[in-house]
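Here are my notes on the model you sent. Please read them alongside the coordinates.

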Amino acid sequence: MKTQPLRIETNCLNCGTDVPGRYCTNCGQENIIPHETFGHLVKEFAADIVHYDSKTILTFKYLFTRPGHITREYTAGKRVKFVQPIKLYIFSSFLFFLLYFALTPKEDKVKIDHETKAQLDANRKTARESFASLPDSLKTGDLSTENWFRRLYTFESREKYDSFQETLPDEYRDGLLERKMARYYFSAANGVTGSDEESKHAEEAQEELFHHNYPKMMFVLLPLFALYLRWMYDKKKWFYADHAIFSIHIHVFFFIFYLFCAALDRLFHTEAVTSIGLLVIFAYLIIALKNTYGQSWGKSVLKGFLLTMTYLVTLLIVFIGFMATLTLLNT
């Protein structure tokens, strides 16, 4: 393919700097005639793709084979040959959350939804019949304590009570305080916090909320992870930005490796691979700490353990905070 001819003028069309050769010494743009041929455009596109792919392949190669190497090289100023940490994190997190949700089985959830709907319809039918048989004093919105407890006593379980509430007009439904009292009433009456089916649905709802809010939680957890590293290492030698780069590389490894383990678990219908994978991730963290910060194995193991425990506690606190915020917004 022929080389695109140079312009006669020596001023850079991009920044105006005088160009003594083919490339501008200020911005790096090639001083060629702006009307490029189609072949030259294809050539530039292919070169950019190959260049980006080579950086990506090299980045992931070192990320998986040499823990801590990319962080050490990047903080030392050797950055051109690696993908920038922010771009690497965005790509990896997007890939992880997209594919991880795709690996989550949904057949059982559809079946449960159909069964729940059928049961709810049956409960509503029973609730209408119960409502028709109640005395008029319990249909008129009389919320005296005696009548309210008499109303509760007519239901065998909280599920039937909830179904009955849904059949009532808005002005006849119990308020938030009454509903909470009803929950405590049925809990005390049954000696449990709810039926097995109710607990199952509550766990599924909590897991669903966790999945959908985990990407948002990571924007809080990732900088906190870097902050914990700053507390553990020499503040004069290591800047917060250095710890942030290490935090990104650790999380990217976690995303890709955990996704691989989850795919194997899904393929072989087991959870053993993911459990073993978490141990591998912990070992990877210790090796990465040792290679990046240059401390002894003993200190690296200790700090890796403290970092992991602190991170898990933080994950729990952030999760509770997110769930509490969502609950308040939905009430």
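Predicted model: local features only at pLDDT ≥ 70, side-chain atom pairs only at ≥ 80, totals over all residues.

1. Residues are numbered from 1 along each chain as its sequence is written, and side-chain values use heavy atoms, with hydrogens and water left out.

2. The protein chain has 11 helices and 0 strands (DSSP runs, H or I of at least four residues for helices and E of at least two for strands, numbered from the N terminus). Of its 331 residues, 32% count as buried, meaning under 20% relative accessible area with a 1.4 Å probe, protein chains only.

3. Among contacts (heavy atoms within 4.5 Å) between residues at least 6 apart in sequence, 62% join residues at least 24 apart.

4. The axes of H9 and helix H10 (residues 272-293) come within 10 Å and cross at roughly 160°; axes are lines fitted to C-alpha atoms over the stretch in contact, with angles from 0 to 180 degrees between N-to-C directions. H9 is therefore roughly antiparallel to H10 (over 145 degrees).

5. Tyr-233 lies in the loop between helix H8 (196-232) and helix H9 (240-268). Tyr-233 is buried, because its relative accessible area is 5%. Not counting residues up to four places away in sequence, Tyr-233 touches Trp-238, His-243, Leu-289, Tyr-293, Gln-295 and Lys-303. Tyr-233 and Lys-303 are 70 residues apart in sequence, with a C-alpha to C-alpha distance of 9.6 Å.

Terms used
Buried < 20%, exposed > 50% of the residue type's maximum accessible area, 1.4 Å probe, protein only. Parallel < 35°, antiparallel > 145°, perpendicular 65-115°, else oblique.
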